[in-house]
Protein chains: 2
Amino acid sequence: MLKIRVVLVGVEGSVNLGFIARTCVNFGVDELFLVNPRADLDEALIYSAKAKDFLRGAVIINDLGKALEGVDLSVATTAKGYSKGDALRQAIDIVTFIEILREKPVESLALVFGRESTGLTREELKQADYLVTIPANPEYPVLNLSQSVAIFLWELWKIRGMQATNVPPQASPDELLLLERIIGEITERVIGDEEKRRRVYMVVARVLRRARPTRYDARMLTYWFRRVLNKISTQE
Amino acid sequence: MLKIRVVLVGVEGSVNLGFIARTCVNFGVDELFLVNPRADLDEALIYSAKAKDFLRGAVIINDLGKALEGVDLSVATTAKGYSKGDALRQAIDIVTFIEILREKPVESLALVFGRESTGLTREELKQADYLVTIPANPEYPVLNLSQSVAIFLWELWKIRGMQATNVPPQASPDELLLLERIIGEITERVIGDEEKRRRVYMVVARVLRRARPTRYDARMLTYWFRRVLNKISTQE
């Protein structure tokens, strides 16, 4: 699994730092490095909710170069992704970056975020392998730092194989087939014309699949349709 | 282009509210509704950066139902997307939801977010067409509210502007109500226990809505369910 190190350079806001620590835990970040932080770390702890231990474990250093040691790839992030004729400000957008990462995976990655006020300096930008930006509303594309971190980590989380437990298990193919079989039996009993029956059945089955029932949904539906089928059958 | 209304129910944190207003402008949200906000709006303005006018233009009301009026589709969000055997807590994950939206676009969407402390109540959850969750670290999947909003808006931002016009017309609310009425009548005839009947009906109706039937689908389904109902009724 891809190892991720988040590197914050000169972070200024304590709220942002707290929120970022929490987001790091939400999306399984391995390490947090703080380069010359300006934020109040004690205040940040308040906003980090259940990520206090993670924030306390952050590595605090004064040199970006050291924060990038030991990773396969370093990525600087910026809201100013493009400046005409400026060789440094030719960012790729995050969607493209994620595609690249999917095609050519690495084992470890450092994600570098700059100051809320002024971002990363040109000297800092030069040290990263990639410059990546989040494309947003042309009228106001500058995201708050902690929102920007959340979006980067979410995009990386998606390619790391989400193993979340806060989503219900989906109905299995067998469970869906069973449901369709019962629906088919009902259809045979309620629609005489064969051509019409075939067409109606197709729509009902398709609508069912499109709803992407969870396992729980599928069981309730199976129960319901079975009752319907029994009612019809016993009265024939 | 897809119109987006962000609805915050009982938002408690002023920082969160400010950050959210900013993110809304970053990702071109059309409307912000605040249902019984608890946050300090003046303090929130400080954190909204260049989104002050947008935040000042928020609609403040005391009824979630009113906040959902006039949109094609309403989506409740939750960190607790799954609870075994609970008919209400069967969320789909945001990636699946976005796929559905790509396949079957709508014109307007309300995104509902609950309180930082306790989320949305069961009564509130019931009012939305979909329940959607962001899958995250099983050890700590609960995102901060403003990070969660950012991720939702980012995912929607990616699909906006890609709205196709060569899509079939959707079933109208009336057509869906008719279908639900017939399903209700069938349910009364096949399930005796009242509590069980109520729960099963709720799941069947929700799965139907989630499938987002087209007008054509709705007509075929109405035909099918009517035939089923007739078969059951005439044989009683």
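This is a predicted model: local features need pLDDT of at least 70, side-chain atom pairs count only at pLDDT 80 or more; totals for chains, interfaces and linings use all residues.
User: Why is Pro169(A) called partly exposed?

Analyst: Pro169(A) has 13 C-beta neighbours inside 10 Å. A residue is exposed at 12 or fewer and buried at 20 or more, so Pro169(A), with its 13, counts as partly exposed. The residue lies in the loop between helix 7 (145-159) and helix 8 (173-190) of chain A.

User: Why does Asp193(A) count as exposed?

Analyst: Inside 10 Å, Asp193(A) has 9 C-beta neighbours, and the limit for an exposed residue is 12 or fewer, so Asp193(A) counts as exposed. Its place is the loop between helix 8 and helix 9 of chain A.

User: Into which domains is chain A divided, and how far apart are their centres?

Analyst: The division gives domain 1 (3-159) and domain 2 (173-234). Taken over C-alpha atoms, the centres of domain 1 of chain A and domain 2 of chain A are separated by 50 Å.

User: What makes strand 3 (59-61) and strand 5 (92-93) of chain A edge strands?

Analyst: The sheet of chain A is open, with seven strands in the order 3-2-1-6-4-7-5 and parallel pairing. Strand 3 and strand 5 of chain A are its edge strands, since each pairs on one side only. For strand 5 of chain A, two bridges join it to strand 7 (residues 130-133) of chain A, and the two run parallel; two strands count as paired if at least two bridges are found between them, so these two bridges meet the criterion. Within this pairing, Ile92(A) stands opposite Val132(A) in strand 7 of chain A. Elsewhere in chain A, helix 7 lies across strand 1 (3-9), strand 4 (73-77) and strand 6 (108-113), and runs at about 160° to strand 6 of chain A.

User: What is the strand order in chain B, and which strands are at the edges?

Analyst: In chain B, seven strands form an open sheet in the order 3-2-1-6-4-7-5, with parallel pairing. Its edge strands are strand 3 (59-61) and strand 5 (92-93) of chain B, each of which pairs on one side only. Strand 5 of chain B pairs with strand 7 (residues 130-133) of chain B over two bridges, in the parallel sense, and Asp93(B) has Thr133(B) as its bridge partner in strand 7.

User: Why is strand 6 of chain B said to be largely enclosed?

Analyst: Five of the six residues of strand 6 of chain B are buried, so the strand is largely enclosed by the rest of the structure. Six bridges join strand 1 of chain B to strand 6 of chain B, with Val7(B) and Val112(B) as bridge partners. Four bridges join strand 4 of chain B to strand 6 of chain B, where Val75(B) stands opposite Leu111(B).

User: How do you know that strand 2 (residues 31-35) of chain B is mostly covered?

Analyst: Four of the five residues of strand 2 of chain B are buried, and a buried residue is one with 20 or more other C-beta atoms within 10 Å of its own. Strand 2 of chain B pairs in the parallel sense with strand 1 of chain B over five bridges, and with strand 3 of chain B over three bridges. Together with strand 1 and helix 1 (residues 14-26) of chain B, strand 2 makes a right-handed β-α-β unit.

User: How many residues does each chain bring to the contact between chain A and chain B?

Analyst: Chain A brings 55 residues and chain B brings 57 residues. On the side of chain A that touches chain B, helix 10 gives the most, with ten residues. The residues of that side divide into 33 nonpolar, 13 polar and nine charged.

Methods:
Residues are numbered from 1 along each chain as its sequence is written. Chains are lettered from A and ligands numbered from 1 in the order in which they are written. Domain bounds come from an automatic or database domain assignment. Two residues are in contact if their C-beta atoms, placed from the backbone, lie within 7 Å. Ala, Val, Leu, Ile, Met, Phe, Trp, Tyr, Cys and Pro count as nonpolar, Asp, Glu, Lys and Arg as charged, and the others, Gly among them, as polar. A crossover is right-handed if, with the strands pointing away from the viewer, the path from the first strand over the helix to the second runs clockwise. Axes are lines fitted to C-alpha atoms, for helices over the stretch in contact, and angles run from 0 to 180 degrees between N-to-C directions.
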